[in-house]
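Work through the exercises below with the sequence and the model open beside you. Try each task on your own before you read its solution.

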Amino acid sequence: MQRPTDTLRGDHAITSRGIEVLRAIATHVRGGGEFPTEDAATLLRFLREFLLAVHLRKESEVLCPAVAMGGDERAAALVGDLVRMHEEVGELLHTLVLFWEPVGELTTDEQQGFADTATTFASLVARMQGIEEERLFPACDATVPADDQLSWNEQFAQFDRDPAAIAAWRARLDVLAARWLA
Ligand SMILES: [Fe+2]
């Protein structure tokens with residue numbers, strides 16, 4: 001059986017690719033480049049539909065409660081920190097939506113605001129994923145019995161709903177990466 005924490009590490013790899021593209025777009029926009037409306041919109045959809053609606057739910061609704069209940073005080077404190085980071089990620093993403101769906105052309109200030117927020121968002125997601133991989137996932141595998149994790153991949157699949165969606169996002173991110181990370 002694939003360990004649920006390995007499933008989550010796989011999600012992180014996909015998210016990291018999107019975050020790399022986001023950083024590249026932020027650098028381009030900060031340097032005065034034209035705002036790439038379509039690519040930014042695709043990336044925004046990815047972050048909302050995959051990172052927020054699928055990946056973070058696997059962690060906040062399945063993994064985090066189990067670790068908080070099964071672990072010690074330090075594990076509970078770690079989960080508390082990560083829940084706050086998840087919320088911050090949601091709030092920053094909402095702010096990015098405001099920049100990404102402007103009524104007209106972005107002003108220079110708005111472009112800089114977008115670039116700054118995108119960079120802050122990218123750093124936060126990278127930090128959050130690092131903490132999860134270094135501390136949360138090991139704490140989970142050490143404290144939650146394998147039997148208790150048996151149904152998790154099935155529960156995760158319910159968030160995915162459309163099994164083809166992840167493959168489709170991978171393909172779209174490949175196109176973006178070829179354009180922005182070449
Ligand atoms: Fe995660």
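Two residues are in contact when they have heavy atoms within 4.5 Å of each other, and helices (H or I, at least four residues) are DSSP runs numbered from the N terminus, as are strands (E, at least two). The model is predicted, so that local features need pLDDT of at least 70 and side-chain atom pairs count only at pLDDT 80 or more, while totals for chains, interfaces and linings use all residues. Residues are numbered from 1 along each chain as its sequence is written, and side-chain values use heavy atoms, with hydrogens and water left out.

**Exercise 1. Describe how H2 packs against helix H6 (residues 152-160), and list the residues that meet.**

Solution. Begin with the contact list: from H2 come Ala53, Val54, Arg57, Lys58, Glu61, Val62, Leu63 and Ala66, and on the side of H6 they meet Trp152, Gln155, Phe156, Phe159 and Asp160. Sorted by class, these residues give 8 nonpolar, 1 polar and 4 charged, where Ala, Val, Leu, Ile, Met, Phe, Trp, Tyr, Cys and Pro count as nonpolar, Asp, Glu, Lys and Arg as charged, and the others, Gly among them, as polar.

Next take the geometry, for which axes are lines fitted to C-alpha atoms, for helices over the stretch in contact, and angles run from 0 to 180 degrees between N-to-C directions. The axes of H2 and H6 are 9 Å apart, and the packing angle is about 150°. H2 and H6 are therefore roughly antiparallel to each other, since angles over 145 degrees count as roughly antiparallel, under 35 as roughly parallel, 65 to 115 as roughly perpendicular and the rest as oblique. Finally, H2 passes H6 in a right-handed crossing; a crossing is right-handed if the near helix is turned clockwise from the far one by less than a right angle, and left-handed if anticlockwise.

**Exercise 2. Describe the packing of H1 and H2 in the same way.**

Solution. The angle between H1 and H2 is about 150°, and their axes lie 11 Å apart. That angle makes H1 roughly antiparallel to H2. The crossing in which H1 passes H2 is left-handed. Among the residues of H1 in this contact are Leu8, His12, Thr15 and Ile25, and the H2 side includes Phe46, Phe50, His55 and Glu59. The contact of H1 with H2 divides into 12 nonpolar, 6 polar and 4 charged residues.

**Exercise 3. Which residues supply the protein donors of the iron ion, and what is their spacing along the chain?**

Solution. Donors are N, O and S atoms within 2.8 Å of the metal (3.2 Å for Na, K and Ca), and because water is not among the atoms, sites may look incomplete. The protein donors here are His12 (NE2), His55 (NE2), Glu59 (OE), Glu59 (OE) and Glu132 (OE), which lie 2.0 to 2.6 Å from the iron ion. Along the chain the donors follow the spacing H-x42-H-x3-E-x72-E. His55 belongs to helix H2 and Glu132 to helix H4 (residues 108-143), so this pair ties together parts that are 77 residues apart in sequence.

Now check accessibility, where buried means under 20% relative accessible area, exposed over 50%, and partly exposed in between (1.4 Å probe, protein chains only). His55 counts as buried at 0% relative accessibility, and Glu132 is buried with a relative accessible area of 0%.

**Exercise 4. Where does Pro36 lie, and is Pro36 buried or exposed?**

Solution. Pro36 is found in the loop between helix H1 (4-30) and helix H2 (37-70). Its relative accessibility is 13%, so Pro36 counts as buried. When neighbours within four places in sequence are left aside, Pro36 is in contact with Ile25, His28, Val29 and Trp180.

**Exercise 5. Find the helix that holds Met85, and list the contacts of Met85.**

Solution. Met85 has its place in helix H3 (residues 73-100). With 8% relative accessibility, Met85 counts as buried. Apart from neighbours within four places in sequence, Met85 is in contact with Leu124, Arg127, Met128 and Ile131. Met85 and Leu124 are 39 residues apart in sequence, and their C-alpha atoms are 7.8 Å apart in space.
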